[in-house]
Amino acid sequence: MEKQPRLLCSQLSVGGRVCDVTLSSSFLSWREVVDSSKKRTAANVYGPLKAAGSHCVPVCEIIAIQETEEDCPSTNVGKWQKVPQNPAGSNQHAFTVSYVERTLKHRWRCSEVTLHCPDRKLCLQWVQAIREQLALLTIRPKRLLVYINPHGGKQRGKRIYEQKVAPIFSRASITTDVIVTERANHARDHLKTEADLKKYDGVVCVGGDGMFSEIMHGLISRTQCDSGVDQSCADETLIPCGLRIGIIPAGSTDCICYATVGCNDPVTSALHIVVGDSQPLDVCSVHQNNAFLRYSVSLLGYGFYGDVLMDSERKRWMGPARYDISGVKTFLSHRYYEGTISFLPADGSVGTPRDKIQCRSGCNICQLPSADKAVYKVEDKNKDVWQVIRGKFLAINAACMSCACPRSPKGLSPSAHLADGTADLILVRKCSRLDFLRHLLRHTNKNDQFDHPFVEVYRVRQFRFTPRYQETDSELDLREAEGSSSKHFFTQICREHQACSCAPTHSSWNCDGEILPHGAIQVSVQGEQKWSKNIPMGNSSSEVVQS
């Protein structure tokens, strides 16, 4: 590693100790000047100084710098005054640097160090030099549009923003326009029609995965509309949006934030936004009969996860606990669904769902040039080698990311990549309750959750699903229609009567936590859409940007 040239170097005071302070284009560092005639113990270490008496902060992780006013002796008469311990230092000038401090489990915190200068001229010189370096970081946002969902999760979104996030944005000199949503899809509709997007460097959502989905749909739809792209055409390529999306987690699961940043901590996410971190994410377009339905960035689930969502929607008054109750109820019902899955496998260069390689910041596969990914996609389309699977399934899941969350640290597909242009298709065939329970428990431990004979997983670029009752070209259905008209009639009656205990003919799709009441769908992975890591700006932070 080449040594960075020094821009400024002085002896300043930190916590009452003299330090050599150095600024380069990449780092701000300070090291205590040790008097060889005195022994220093760990108890002498002050504030941010470590045992070695030194500290180094990347310039890109400096949040802000400001000149610090020194406390002056009070002029009040007749009151006891505290005598300064260091009278010589009372005339010094100082500046305070706020910076990112990395802690355990991917969490970030905002720390400060105050450096004292012998004269005001030197103090201003340091402040100016650091501000000039920060001004070169053009990826940082200056103005943000913030949407707060006051009802998501435990209804703490507004309080989380005001107490934990707004002070960080203010310290970093980021101006914000805040909108508290008043109804479902308020943010989506505002972005699609009213928002003046040219005024902002990014959009931030304070809420859960549903709030992120709202903003994603609003931005993508607005961009496609302005560019004349027909979203109803499944073969259309999306036009990239120029704005990033940042997530401040305040929902029930915060899956997207957790999978991209590594934790669901509001302060960590806010700091990722401030420093301009970003992480591309894949976006899937979901269609039915050339009609656009939705976009998805995390999970598409049919069967088990679709039924859990359907049942939990009737229990919203219970809060996050509704997912546990609906999960147990759906597991005990043990419904399975028949249908046909056809999919276009991904090129082998993007790995497999079982290669045990977790996607991290700077992932080699996700960093493949977009042109290379496009070539792979075109080649697969030309080959047109679609695989077809018919059967009875307890669950059909498609994951564009690991879908990790605090309850499932590895996620549904631990080796899924964030921006490789593919999705992992997971098929769980009909099996016993005990076997299915074993599969679900694998989501909470380190064992291979695909290591079951009834589980199949494929890395795909496109897939289609058709429920059995909609299959008109199946020879099996034709034979049943001819020889079992009474059975077919009974099925139709059961479908119309909710009191009947017969298993339903089809489930609904769980699309990023939203219900899609459609059985047959066509899904295409559009490739990386840029968003922020947390602006989720992602891995070490999260960018959600389109491509």
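Author: Let me begin with D189, which counts as partly exposed because its relative accessibility is 23%; in these terms buried means under 20% relative accessible area, exposed means over 50%, and partly exposed lies in between, using a 1.4 Å probe and protein chains only. This is a predicted model, in which local features need pLDDT of at least 70 and side-chain atom pairs count only at pLDDT 80 or more, while totals for chains, interfaces and linings use all residues. Residues are numbered from 1 along each chain as its sequence is written, and side-chain values use heavy atoms, with hydrogens and water left out.

Reader: OK, and which residue forms a salt bridge with D189?

Author: The partner is R183, and the closest N and O atoms of the two are 3.1 Å apart; a salt bridge here is a side-chain nitrogen of Lys or Arg within 4 Å of a carboxyl oxygen of Asp or Glu. R183 is also partly exposed, since its relative accessible area is 48%.

Reader: Why would such side chains pair at all?

Author: Side chains of opposite charge can pair when their charged atoms come close.

Reader: How many salt bridges does a search of the whole structure find?

Author: The search finds 18. One of them joins the side chains of R17 and E32, at 3.7 Å from N to O. That pair links distant parts of the chain, with R17 in strand β2 (residues 17-24) and E32 in strand β3 (residues 27-32), 15 residues apart; strands are DSSP runs of E with at least two residues, helices are runs of H or I with at least four, and both are numbered from the N terminus.

Reader: Is E32 buried or exposed?

Author: E32 counts as buried because its relative accessibility is 11%, whereas R17 is partly exposed at 23%.

Reader: What about E456 and R429?

Author: Their side chains meet in a salt bridge of 2.6 Å, N to O. This pair, too, links distant parts of the chain, as E456 belongs to strand β18 (residues 455-467) and R429 to strand β17 (residues 423-429), 27 residues apart. E456 is buried, with a relative accessible area of 17%, and R429 is partly exposed at 24%.

Reader: Switching topic, which residues does Y302 join in a cluster of ring pairs?

Author: Ring pairs link Y302 with Y337, F463, F465 and W509. Rings of Phe, Tyr and Trp (its six-membered ring) pair if their centres lie within 6.5 Å, and planes under 30 degrees apart count as stacked, over 60 as edge-to-face and the rest as tilted.

Reader: And how many aromatic pairs are there in the whole structure?

Author: There are 13. F292 and Y295 form a tilted one, 4.5 Å centre to centre with 50 degrees between the planes. Y302 and F465 form another tilted pair, at 4.7 Å and 55 degrees. Y302 lies in strand β14 (residues 299-303) and F465 in strand β18, so the pair ties together parts that are 163 residues apart in sequence. Both Y302 and F465 are buried.

Reader: Last one: where does T181 lie?

Author: T181 is in the loop between β9 (175-180) and α3 (186-193), and T181 counts as buried because its relative accessibility is 6%. Leaving out residues up to four places away in sequence, T181 touches Y147, I148, N149, P150, H186, A187 and M211, where contact means heavy atoms within 4.5 Å.
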